[in-house]
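Subject: Structure handover

Hello,

Here is the structure we spoke about, with the sequence alongside. My notes follow below.

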Amino acid sequence: MQIAVVSLFPEMVGQVAEFGVVGRARERKLLAMHLENPRDYANDVHRTVDDRPYGGGPGMVMKYEPAAAAIAAARAELPAGCPVICLTPQGEVFDQAVARRLAGLPGMVLLAGRYEGIDERLISREVDEELSLGDFVLSGGEIAAMAVIDAVARLLPGVLGDDESAQQDSFMHGLLDHPHYTRPESIDGDRVPAVLLSGDHARIARWRRKQALGRSYLRRPDLVRKLSLSNDDRKLLEEFLKEQGPV
Ligand code: 9D3
């Protein structure tokens, strides 16, 4: 997959492809990154990329021409027909289903805004889709673009090993994860649950499922409501809540 990013801080976005899983994907040519800076397409002496909002008000607006030229350069690096996706608080909320859809594309242009906003004509003329990370305020689209790149790169064929891929398939089947433990067995008397030391893999799987159901029910009831729990799951959740006592 080829990802082009249009940003006033391209060095920031480039960092996501320098480390870890995404770094490995790039090294192995499963992912290529292209960075375009609107400032490189600003033709005035000050290389202006922002201006004051028509109608007045605080803050500045990202100008049309330099960003449009940067998008044109970004498109030219990618296969024809790749969408331009703008990271903006006004977008559809990004989730794993969106990540899966994007992972099926040959490429995409990610547009990260700065300032109070982007000239609306850039969005109407050049942008195919708008994505948000959720209801909190970032200083710009770069961190959101990095989150999208990370989530999408993990889904590209061959990026994760077989074990990790299988895990990813089972995870995000709508529940939060169960608790994890590693050595030592005891931290100031705070012991690893005995079942995990039992070697009884069926019991361990049941315990983990119960924990995942219980934690999801308590912390993210919205996730549990979206699922239709099997009778076994309903029983496990009941057990969890009984063992837990009043919350
Ligand atoms: C209400 C006035 N502004 C807040 C001080 C609005 C505003 C403008 C620009 C809020 C954030 C931004 C910059 N944010 C993004 O570019 C962004 C973002 C975000 O802030 N939250 C969640 N997802 C995203 S994706 C891009």
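**Around Pro83**

Pro83 sits in the loop between helix H3 (64-77) and S5; helices (H or I, at least four residues) and strands (E, at least two) are DSSP runs, numbered from the N terminus. This is a predicted model, in which local features need pLDDT of at least 70, side-chain atom pairs count only at pLDDT 80 or more, and totals for chains, interfaces and linings use all residues. Residues are numbered from 1 along each chain as its sequence is written, and side-chain values use heavy atoms, with hydrogens and water left out.

With a relative accessible area of 15%, Pro83 is buried; buried means under 20% relative accessible area, exposed over 50%, and partly exposed in between (1.4 Å probe, protein chains only). Leaving aside neighbours within four places in sequence, Pro83 is in contact with Leu105, Gly107, Met108, Val109 and Asp128, where contact means heavy atoms within 4.5 Å. Asp128 is 45 residues from Pro83 in sequence, yet the two are 5.8 Å apart in space, C-alpha to C-alpha.

**Strand pairing**

Two strands are taken to pair if DSSP finds at least two bridges between them. S5 and S6 run parallel and are joined by four bridges; Val84 has Val109 in S6 as its bridge partner. S5 also runs parallel to strand S8 (residues 129-132), with five bridges joining them. Glu92 stands opposite Leu131 in S8.

Elsewhere, three strands form an open sheet in the order S3-S4-S7, with mixed pairing. Strand S3 (50-51) and strand S7 (117-118) stand at its edges with a single partner strand each, so one side of each is left without a neighbour in the sheet. The pairing of S3 with strand S4 (residues 61-62) is antiparallel, over two bridges, and Asp51 stands opposite Val61 in S4.

Asp119, in the loop between S7 and helix H5 (120-126), is in contact with Val61, Met62 and Tyr64, leaving aside its neighbours within four places in sequence. Asp119 counts as buried, at 16% relative accessibility.

**Nonpolar cores**

A nonpolar core here is a set of buried Ala, Val, Leu, Ile, Met, Phe, Trp, Tyr and Cys residues joined through side-chain atoms within 4.5 Å. The largest has 32 residues, and those with the most contacts inside it are Ile3, Leu31, Leu102, Met108, Leu110 and Ile149. Two or more residues each come from strand S1 (2-6), helix H2 (20-27), strand S5 (84-93), helix H4 (96-103), strand S6 (107-112) and helix H6 (142-153). H6 gives the most to this core, with eight residues.

Ile149 is in contact with Ile3, Val5, Val13, Val16, Val22, Met33 and Leu110, leaving aside its neighbours within four places in sequence. A second, separate core has 21 residues, among them Ala67, Ala70, Ile71 and Ala74.

**The ligand**

There are 16 residues around the ligand, of which Glu116, Leu133, Phe136, Leu138 and Gly140 come nearest; a residue is near if one of its heavy atoms lies within 4 Å. S5 and S8 each supply at least two residues of this shell, and S5 gives the most, with three residues.

Polar contacts are pairs of N or O atoms within 3.5 Å; within protein, one must be able to donate a hydrogen and the other to accept it, and residues adjacent in sequence count only if both atoms are side-chain atoms. A ligand nitrogen is 3.2 Å from an N or O atom in the side chain of Glu116. A polar side-chain atom of Ser132 is 3.5 Å from a nitrogen atom of the ligand. A polar backbone atom of Gly141 is 3.2 Å from an oxygen atom of the ligand. The protein covers 71% of the 570 Å² of accessible area that the ligand has on its own (Shrake-Rupley method with a 1.4 Å probe; for residues, only the protein chains shown count as cover).

**Backbone points to check**

Tyr115, in the loop between S6 and S7, is not a glycine but has a positive phi of about 70°. Tyr115 counts as partly exposed, at 34% relative accessibility. Asp188 also has a positive phi, near 50°, and lies in the loop between S9 and strand S10 (190-191). At 83% relative accessibility, Asp188 counts as exposed.

The peptide bond from Arg183 to Pro184 is cis, with omega near 5°. Pro184 is in the loop between helix H7 (162-170) and strand S9 (186-187).

Regards
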